[in-house]
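Subject: Structure for your review

Dear colleague,

My notes on it follow directly after.

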Amino acid sequence: MAELTYASIDNTVIDTLAPPRRTYWATVALLFAGILLGATCWGYQIFRGIGVAGQNNPVHWGTYLINFVFWVGIAHSGTLISAILHLFRAGWRNPIARAAETMTVFAVCTAGLYPFIHLGRVWLVYYMLPIPNQRTLWPNFTSPLMFDVVAISTYLTVSSLFWYTGMLPDLATIRDRSEGLRKKIFSILSLGWTGEYELWRHYTRGYLFFAALATPLVISVHSVVSWDFALGIVPGWHTTIFAPYFVAGAIHSGLAMVLTLMIPLRKMFHYEAIITDRVLESVAKTIIFTGLIVGFAYGTEVFIAWYSRNPVEMESFYWRAFGDYSLEYWIMVSCNTIVPLLLLFKRVRTHIPTLFVISLFVNVGMWYERFVIIIGSVAHDFLPHAWGLYSPTLIEYGIMIGSFCLFFFLFVLFCKHLPSVSMTEMKETLHEGESHAG
Amino acid sequence: MDRRAFLKTAGMGSIAFAAGCSAKPEKTLYSLVKAPDDMVTGKEAWYAGTCRECPAGCGVLAKQREGRVIKLEGNPLHPVNRGTLCMRGQAALQAVYNPDRLLRPQLKTDEGWKEISFTEAEQLLGRKAAAAGKGNGRTRLMSEVVGAPMQALLTDLAYEWRTGDPVYFEPLSHESLRAAHRNVLGEDALPTYHLDQADLLVSFGADFLETWLSPVEYARRFKEMHAIDAGHKGIFVHLSPYQSLTAANADRWHCIRPDSEATLLKALIKYVLEKGDDRMLPGKLRKPLAEAVADADLDRAAAVAGIHPAALAHLADRLLTAERPLILGGGCGTAGASSDATEMAALLLNLVLDPQLSRIDFSRPQNLGKAASRTAVNALVDDLVAGQIQLLLIHNCNPVHTLSRGAEIARALDEGEGFTVCFSNFMDDTAAHADLVFPVQMALETWDAYDGKIGELSLSQPAMGKRHAMPAFGDVILKTAFRDPAAGDYQAWLLDWLGKQAGVNEMGTWIDAVQAGGLFRDAPPKPKSVSLQRGLSTALEALSEAKPPAATAADADTLTLATAPSIRFFDGRGANRSWLCEVPDPLTKVAWQSPVTLHPEAMNRIGVAQGDVVRLHSETADLEAPVYASEAIHPAMALMTMGQGHSAYGRYAEGVGGNPIALLTGDTSASGQPLTLAPLKAIAATGRRIKLAHTDGSRTQYGRKIAVSTTIGEDAAHGHAKGDGHAAGGHEAGLTMETFPLTLPLPEGYDRKRDIYPVHEHEGYRWGMIVDLDRCIGCGACATACYAENNIGIVGEERIIEGREMAWLRIERYLDPHDPSRITFFPLMCQHCDNAPCESVCPVYAPHHSKEGLNNQIYNRCIGTRFCAQNCPYKVRRFNWFEWQWPTPLEEQLNPNVTVRTKGVMEKCSFCIQRIKVAHGHAKDEDRRIHDGEIQPACVQTCPTGALVFGDLKDRQSRVRQMVKDPRAYQAMGYLNIKPAVIYLKKVLQEI
């Protein structure tokens with residue numbers, strides 16, 4: 001990072017906002033088409049009924065809930081990186097914090113769509129809002145789904161605000177360097193930031209407190225999501241380990257997604273000087289750690305099922321590993337805990353293409369973890385006569401493609417229109433010296 | 001755009017939007033100026049009638065609301081079924097409201113079917129009859145078995161049109177059984193068997209719980225003998241080559257080689273003759289009988305049949321020690337070459353065991369006994385094929401489907417010169433080849449009398465006025481056949497007949513009879529002494545000549561195909577009722593399809609797995625069917641149920657499943673019994689595979705406390721599991737699935753050590769149900785009744801494969817993993833838990849705990865998160881994946897007291913809350929509490945064996961509360977501490 005100066009940071013980042021090439025707009029159009037595909041599928045589903053998706057009795061929850069949990073999980077590392085690591089003063093998070101936070105906001109948005117897609121009668125979703133009404137309806141606050149509504153909306157609000165607050169000084173920098181319409185827009189967005197000393201003093205304090213406020217949310221949101229399952233009585237769901245297990249899994253997947261996004265971004269935007277190999281290596285090391293926690297959770301679940309001597313629990317976990325969904329189970333185990341162990345080797349974790357591939361593996365593995373939990377548990381629960389299997393339909397794949405397109409659509413738009421690396425925090429790193437840069 | 005243009009556009013847009021979205025109002029609403037006396041809006045009227053879905057003739061009560069019959073229930077006064085119905089009886093309504101029902105006569109022309117008026121059709125029939133002229137047998141009549149008054153009319157018709165004897169064609173007939181009675185006892189009849197009075201019942205294939213003679217009646221009689229009562233229970237042993245539902249209810253089912261029944265019976269006769277000498281057997285029978293069975297031997301018979309010699313010896317000993325043994329012969333599904341001998345031997349064994357035949361009653365024989373023998377039917381077909389018939393009248397039969405010569409008949413009908421009139425309400429397999437299809441009134445729409453047991457007249461009346469223009473069959477006959485008819489219409493004829501034959505001469509008697517549903521009088525006593533007949537010697541000769549089946553059949557590559565009558569479709573007439581297609585087969589749990597059941601050994605030999613489509617190749621035809629694997633069948637056998645595979649019979653039947661009858665040779669026994677076993681020339685994999693539409697996820701229950709069985713005395717000795725997990729002293733063992741106590745959904749079911757939530761205080765009542773697994777035979781009547789009562793959607797084959805069936809009540813069948821022939825049937829509906837897991841997880845309170853303990857599902861609130869269903873351990877909640885369709889006029893059957901659910905909503909069993917509300921209304925009117933037993937949910941009402949009891953658990957005197965004290969009482973998965981309100985009583989197993 002020796003060559004980095006305040007000016008070079010500004011130049012590198014603001015260069016990314018130069019008018020994009022045709023291929024960029026082609027990508028955006030393609031992603032938008034994907035979103036339309038998903039929307040069409042959803043429209044068809046609303047028209048015909050949930051039956052066009054693959055859910056059945058006993059598997060009433062399918063890819064919609066898998067993707068919901070998957071995206072909420074992805075959303076985790078953003079706040080983790082920007083808030084918790086900020087509090088810990090882990091300087092290596094600075095180059096990737098902005099992208100991670102952005103990822104959080106968009107992932108929560110994508111995740112937030114899924115409960116709507118999942119509903120049988122989405123047009124009545126307002127029944128869940130605690131508004132006094134003549135229907136004498138009131139939501140049931142003992143339902144974990146109500147916890148979800150509260151937790152997810154809080155998380156979306158806080159993470160968006162946090163993201164925006166962190167971006168303020170950078171927006172002002174862009175304002176100062178641009179002209180015309182863009183100057184007007186960024187003038188509004190930067191809320192009159194002048195960079196005075198007092199402003200900075202309040203800002204850094206405020207940001208720190210914001211980070212402290214956001215930190216519990218990292219833990220709470222996914223804990224609450226885990227209670228969607230843990231508060232059910234279904235074997236495979238009903239365990240006390242679920243909250244930490246889900247949080248660890250969420251961070252695991254979030255970090256992997258950060259790598260998946262940052263490695264191409266770094267290449268395209270020539271961020272090599274800012275997002276150094278050491279930054280990526282630090283993320284990789286954390287992935288080893290979260291992977292081990294997740295692996296420990298898998299082991300604990302199986303152990304407790306055996307230790308309980310409850311035939312239902314025992315059968316449920318035996319079937320997970322060796323039954324109809326054993327392939328999915330072993331994809332989950334190997335992608336989430338075994339493959340990340342390769343990162344223990346320095347040559348692996350510093351070889352960027354390998355790192356990228358491993359991050360993809362973890363993403364896939366974490367998707368399958370949700371599959372195994374959500375599908376596998378109810379498919380094989382209390383009454384053997386009611387057992388059944390599930391497989392997604394084309395409509396579900398369409399919606400899944402749509403949701404991935406939505407996420408990348410928003411992210412691609414972000415990359416070219418907002419600073420994808422926090423100039424402010426990079427300068428702080430520069431100021432505070434190498435020791436904080438990991 | 002200027003301001004005015006904007007306002008115009010916006011205004012137009014919003015008006016268009018508002019107008020486009022308004023519901024289209026009904027243009028015309030009429031009220032009845034003069035309503036019939038018994039039609040009160042919102043109140044049901046009941047009309048007694050007779051079920052004609054099979055020849056048994058159960059009594060029904062038709063529940064009519066606002067002019068439409070919406071539900072059938074058994075007539076409690078009727079001596080045959082005593083208030084209950086089977087699944088076919090429940091589904092009889094779907095014939096009346098069938099969307100494929102013909103409402104006008106159809107005449108076949110060169111341009112296809114042409115609709116004509118009833119008058120034209122009658123005139124045409126008259127002209128054709130005249131043209132057929134006076135020659136004997138140029139006009140012929142084939143009809144289903146009809147009641148005595150109609151028989152009288154048809155006899156007159158036969159004289160008038162010289163049709164010869166009307167051929168009463170019933171595909172499931174019992175010629176061998178009749179022949180046995182004729183030859184041995186001189187009674188050419190099908191008697192009543194008093195199963196209820198027996199203490200040992202041995203059946204050699206008679207499927208009396210499914211289709212045999214009078215299944216609803218025999219289900220009741222069987223459980224009177226076989227349900228645990230004061231620590232005693234009769235014994236039922238079944239020997240047959242495949243496990244039918246009846247066999248599945250036996251204490252012991254022995255799998256025997258096909259067609260080896262007679263061999264076994266002969267050996268048993270010999271054994272009883274030798275060992276049981278104290279029996280008062282007439283000497284003139286004993287000696288020839290001993291000679292006839294001289295070459296029989298228990299061990300050899302056991303070897304031939306392929307059962308363990310010790311098991312047979314044990315059974316033989318049982319026969320001797322039993323006080324009131326009863327032997328039943330073969331069923332329609334297992335009639336092989338020695339079918340005559342089997343029935344003969346079964347009767348003789350009965351005679352040897354009990355010379356008085358005190359449990360076989362000829363006083364009211366089955367009307368089915370009047371059915372023509374297959375020989376007579378074949379003769380008619382021969383005449384048809386030979387082109388000797390100019391006018392053929394077919395009334396409610398479907399020979400093209402139910403005879404193995406169906407293709408031949410179809411060809412003869414198509415190509416022959418003769419004119420065929422099919423009195424059928426459907427364009428079925430036969431009607432499609434007829435020249436004129438003439439719809440006539442169905443049993444629920446017409447005046448008629450039917451005696452399922454001869455002499456016991458059960459009346460039919462039009463339960464919903466004249467819904468369609470079609471005349472009664474009798475009206476058509478009276479109008480066309482007689483120049484000077486004895487009566488103006490069939491109703492008058494019927495009254496006249498009843499006056500002459502049944503002493504109904506006054507209006508009072510008539511009205512009483514119509515209200516009661518029939519003339520139920522005690523049967524005239526029959527002399528008990530059994531007179532042996534001249535035919536006996538020929539019978540014994542046949543018996544001694546009965547040869548055991550080729551002993552190597554199992555080793556050969558060929559299999560024997562059995563075509564079993566179906567509890568769901570009977571002979572096939574039920575196949576166009578969507579409820580019957582949708583409710584799965586009790587044993588295979590496969591709906592809609594008709595798979596061929598094979599033993600794993602046979603499957604290995606052919607090299608197929610379950611779901612593979614195989615091609616069955618017999619001498620007469622080829623048929624493709626998917627394989628269903630079962631160990632409960634002889635390895636040398638392939639089994640298909642009959643009833644499906646129609647070439648025409650409406651949307652629910654056409655092309656659904658396969659028809660194995662075509663594979664049969666069409667041979668009959670000497671007595672005219674159609675043989676239902678056929679050797680297959682080959683069976684081979686086709687390489688194709690389909691998904692079976694089965695509703696079960698597992699055949700066994702993985703050692704869980706779901707469908708629990710016990711043995712006599714076991715529970716009485718131990719009582720309820722006493723441990724409550726907090727036993728005094730020393731080591732505190734935790735509660736397990738097995739030791740968790742019975743926790744009633746009442747305040748006393750709560751324990752502060754276990755429950756953190758407060759007790760539900762119930763107001764007035766706490767509804768609950770008892771399910772006695774020892775009484776449940778798994779017949780599925782309850783499930784069908786539930787479909788009928790609660791407007792449950794029909795999803796079809798594809799959706800069942802996807803796992804989307806909507807049944808609120810299902811019968812789970814669990815096989816004992818150690819002995820797969822032992823089956824426990826486990827009816828499962830919403831358990832209305834006190835700590836319901838579904839209630840706490842719904843974000844909008846759609847599942848709601850009522851003040852009477854019901855777990856109500858409030859459809860309007862439901863937004864479809866489906867969390868409730870995920871969290872329900874019983875998986876009894878059903879989601880409306882789509883908007884289900886009721887093709888017109890099936891929607892007329894819908895129960896107006898029950899909401900029709902839309903897509904996106906969860907639903908489930910409500911304990912028939914609409915009936916509870918009605919009872920509340922009555923009780924309030926009379927200022928009293930609801931009586932115990934006053935409320936009967938549809939399932940409880942129809943159960944032929946009384947396995948279900950509903951009532952108030954809060955009332956200490958109620959029947960359900962009393963039954964909770966039974967040491968057999970337990971809760972399925974009770975250890976979850978959700979306090980289900982459905983209490984199960986364990987099935988009682990007996991080792992024999």
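To begin with the division of chain B: it comprises domain 1 (106–168 + 370–451 + 457–519), domain 2 (175–366), domain 3 (552–689) and domain 4 (709–989). The centres of domain 1 and domain 2 of chain B, taken over C-alpha atoms, are separated by 37 Å. Please bear in mind throughout that this is a predicted model.

Chain A

Chain A contains 15 helices and zero strands. The C-alpha trace of chain A spans about 70 × 55 × 40 Å along its principal axes. The radius of gyration of chain A is 23 Å, which agrees with the value near 22 Å that a compact globule of 438 residues would have. Of these 438 residues of chain A, 50% count as buried. Among the contacts in chain A with a separation of 6 or more, 82% are made by residues 24 or more positions apart.

The contact between the chains

On the side of chain B, 44 residues are in contact with 39 residues of chain A. The elements of chain B that give two or more residues to this side are strand 29 (810–816), helix 26 (837–841), helix 27 (867–871) and strand 33 (878–879). Helix 27 of chain B gives the most, with four residues. By residue class, the side of chain B that touches chain A divides into 21 nonpolar, twelve polar and eleven charged residues.

Sheets of chain B

An open sheet of four strands in chain B has the order 11-10-9-12, with parallel pairing. Strand 11 (252–255) and strand 12 (325–328) of chain B each have a single partner strand and stand at the edges, so one side of each is left without a neighbour in the sheet. Direction ignored, neighbouring strands of this sheet are turned by 15° against each other on average. Four bridges join strand 10 (residues 235–240) of chain B to strand 11 of chain B in the parallel sense. Within strand 11 of chain B, His254(B) is the bridge partner of Leu239(B).

A further open sheet of chain B is built from seven strands in the order 25-20-24-21-23-22-26, and its pairing is mixed. Here the edges are taken by strand 25 (677–679) and strand 26 (682–689) of chain B; each has a single partner strand, so one side of each is left without a neighbour in the sheet. Strand 22 (residues 612–617) of chain B pairs with strand 26 of chain B in the antiparallel sense over five bridges, and His617(B) stands opposite Ala682(B) in strand 26.

Strand 37 of chain B and its partners

Strand 37 of chain B pairs in the parallel sense with strand 28 (residues 767–772) of chain B over four bridges, and Tyr984(B) in strand 37 is the bridge partner of Val771(B). Strand 37 of chain B also pairs with strand 36 of chain B, in the antiparallel sense over two bridges; there Leu985(B) of strand 37 stands opposite Ala969(B). Val982(B) and Tyr984(B) point one way from strand 37 of chain B, whereas Ile983(B) and Leu985(B) point the other way, and all are buried.

Backbone geometry

Most residues other than glycine have a negative phi, and most peptide bonds are trans. Four places in the model may be read against that background.

In chain A, a cis peptide bond joins Asn57(A) and Pro58(A), with omega about 15°. Pro58(A) lies in the loop between helix 2 (22–48) and helix 3 (63–87) of chain A. In chain B, Thr888(B) and Pro889(B) are joined by a cis peptide bond with omega about 5°, and Pro889(B) lies in the loop between strand 33 and strand 34 (906–907) of chain B.

Arg162(B), which is not a glycine, has a positive phi of about 50°. It is found in the loop between helix 5 (148–161) and strand 7 (167–168) of chain B and counts as partly exposed, with 16 C-beta neighbours inside 10 Å. Asn977(B), also not a glycine, has a positive phi of about 60°. Its loop connects strand 36 (969–970) and strand 37 (982–985) of chain B. Asn977(B) is buried, with 20 other C-beta atoms within 10 Å.

With kind regards

Note on methods
Residues are numbered from 1 along each chain as its sequence is written. Chains are lettered from A and ligands numbered from 1 in the order in which they are written. This is a predicted model: local features need pLDDT of at least 70, side-chain atom pairs count only at pLDDT 80 or more; totals for chains, interfaces and linings use all residues. Two residues are in contact if their C-beta atoms, placed from the backbone, lie within 7 Å. Ala, Val, Leu, Ile, Met, Phe, Trp, Tyr, Cys and Pro count as nonpolar, Asp, Glu, Lys and Arg as charged, and the others, Gly among them, as polar. Two strands pair if DSSP finds at least two bridges between them. Axes are lines fitted to C-alpha atoms, for helices over the stretch in contact, and angles run from 0 to 180 degrees between N-to-C directions. Domain bounds come from an automatic or database domain assignment. The radius of gyration is taken over C-alpha atoms; the globule rule is 2.2 Å times the number of residues to the power 0.38. A residue is buried if 20 or more other C-beta atoms lie within 10 Å of its own, exposed if 12 or fewer, and partly exposed in between; C-beta atoms are placed from the backbone.
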